[in-house]
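User: I would like to go through the aromatic contacts in this protein. Please keep it short.

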Amino acid sequence: NWTMENFIDTEIKRIRTLVGPTAEVIGAVSGGVDSTVAAKLMTEAIGDRFHAIMVDNGVLRLNEAENVKKNLVAGLGINLTVVDASDEFLDKLKGVTDPEKKRKIIGNTFIHVFEREAEKIKPKDGTEIEFLLQGTLYPDVIESISFKGPSQTIKTHHNVGGLLENMKLKLIEPLRELFKDEVRHLGELLGIPHDLVWRHPFPGPGIAIRVLGEVTRAQVDIARKADYIYIEEIRKAGLYGQISQAFACLLPVKSVGVMGDQRTYDQVIALRAIETTDFMTADWFPFPHEFLKKVAARIVNEVDGVARVTYDITSKPPATVEWE
Ligand code: XMP
């Protein structure tokens, strides 16, 4: 009979047979649930012959690289290398304002950096890395086979398919028959912390598509500080689990404000929070007014460069979840 406990045993055996006694495996981790569960499962199966790589692309959430390192290495025993490539990504993003161009640049740079890192961790004894781990879920498999819906044509979701061809790697996808809720259950059984297992999704292009207009280090800093405060307050209010996804966007407009007896002229933060089952349609989350009041006050007081906070009350459709 099919149980998640049986699935773990069967999958670990299948991975060991597939990889054999000496081959090495690499895989990218993002700090999200899918890649973490896949990496933990792989570590259970083959230990340090699995090499996880996390690329810091400069548009991650506040303190994200350090947090992932703490969770995955210290907490889960995963053999992880974190690569700080933020300068490289931010350099390439200079002057770029078009959302699809941002996605393309981040996707391509990711592949480039990942390949370079994979070269460095090549086993010393001359054996090659043979496999690439991917945390593909069943819905991703279906989508890539048959789905031609709006999210594919409106926004290109970046993937690492190019890695397979360039590096001549074989693919391992231990989660390819599972749905999201099953991956979360699997994560809990593998001892992955609750907060990580239930984390909101975060897009590959990260804060680059939440800083509208040009992406600079200063703009990313503002966006991630505001986002951090927002998510912290959502957790404090006990609302995190009721929301499917929440984040802050930094708008490329300035607005007049007043702080003390000073006139200010700074940017605008837009907060977004949605409830959805499938991310194809979504409703905005009905926060209590007191909550919004508190978050707005904290963001304007604590984040330099922000004069005003707004809350996005647009459903999907007609709006998308992300602003870009
Ligand atoms: P949209 O904005 O298309 O978002 O309504 C639906 C879901 O997809 C996520 N999203 C992305 N994820 N790369 C990703 O990995 C992307 O380029 C991308 N664009 C949107 C979005 O965060 C939401 O969960």
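Analyst: A charge sits over a ring if NZ of Lys or CZ of Arg is within 6 Å of the ring centre and within 35 degrees of the ring normal. Note that this model is predicted.

User: Over the face of which ring does Arg235 lie, and at what distance from the ring centre?
Analyst: The cut-off for such a contact is 6 Å from the ring centre. Arg235 meets it, over the face of a tyrosine. The ring is that of Tyr240, at 3.9 Å.

User: Which ring has Arg61 over its face?
Analyst: Arg61 is placed 4.2 Å from the ring centre. The ring belongs to Phe202.

User: How many aromatic pairs does the structure hold, and is the pair Phe110 and Phe114 stacked or edge-to-face?
Analyst: The count of aromatic pairs is 8. For Phe110 and Phe114, the ring centres are 5.9 Å apart and the planes meet at 25°. Planes under 30 degrees apart count as stacked. So the pair Phe110 and Phe114 is stacked.

User: Which helix holds Phe110 and Phe114, and are they buried or exposed?
Analyst: The two are 4 residues apart, so about one helical turn separates them. The helix is α5, residues 99-120. Phe110 and Phe114 are both buried.

User: What about Phe285 and Phe287: stacked or edge-to-face?
Analyst: Both residues are buried. Their ring centres lie 5.0 Å apart, with planes at 70°. Over 60 degrees counts as edge-to-face. So the pair Phe285 and Phe287 is edge-to-face.

User: Which residues form one aromatic cluster with Phe285 and Phe287?
Analyst: Phe285 and Phe287 belong to one aromatic cluster.

Conventions:
Residues are numbered from 1 along each chain as its sequence is written. This is a predicted model: local features need pLDDT of at least 70, side-chain atom pairs count only at pLDDT 80 or more; totals for chains, interfaces and linings use all residues. Side-chain values use heavy atoms; hydrogens and water are left out. Rings of Phe, Tyr and Trp (its six-membered ring) pair if their centres lie within 6.5 Å; planes under 30 degrees apart count as stacked, over 60 as edge-to-face and the rest as tilted. Buried means under 20% relative accessible area, exposed over 50%, partly exposed in between (1.4 Å probe, protein chains only).
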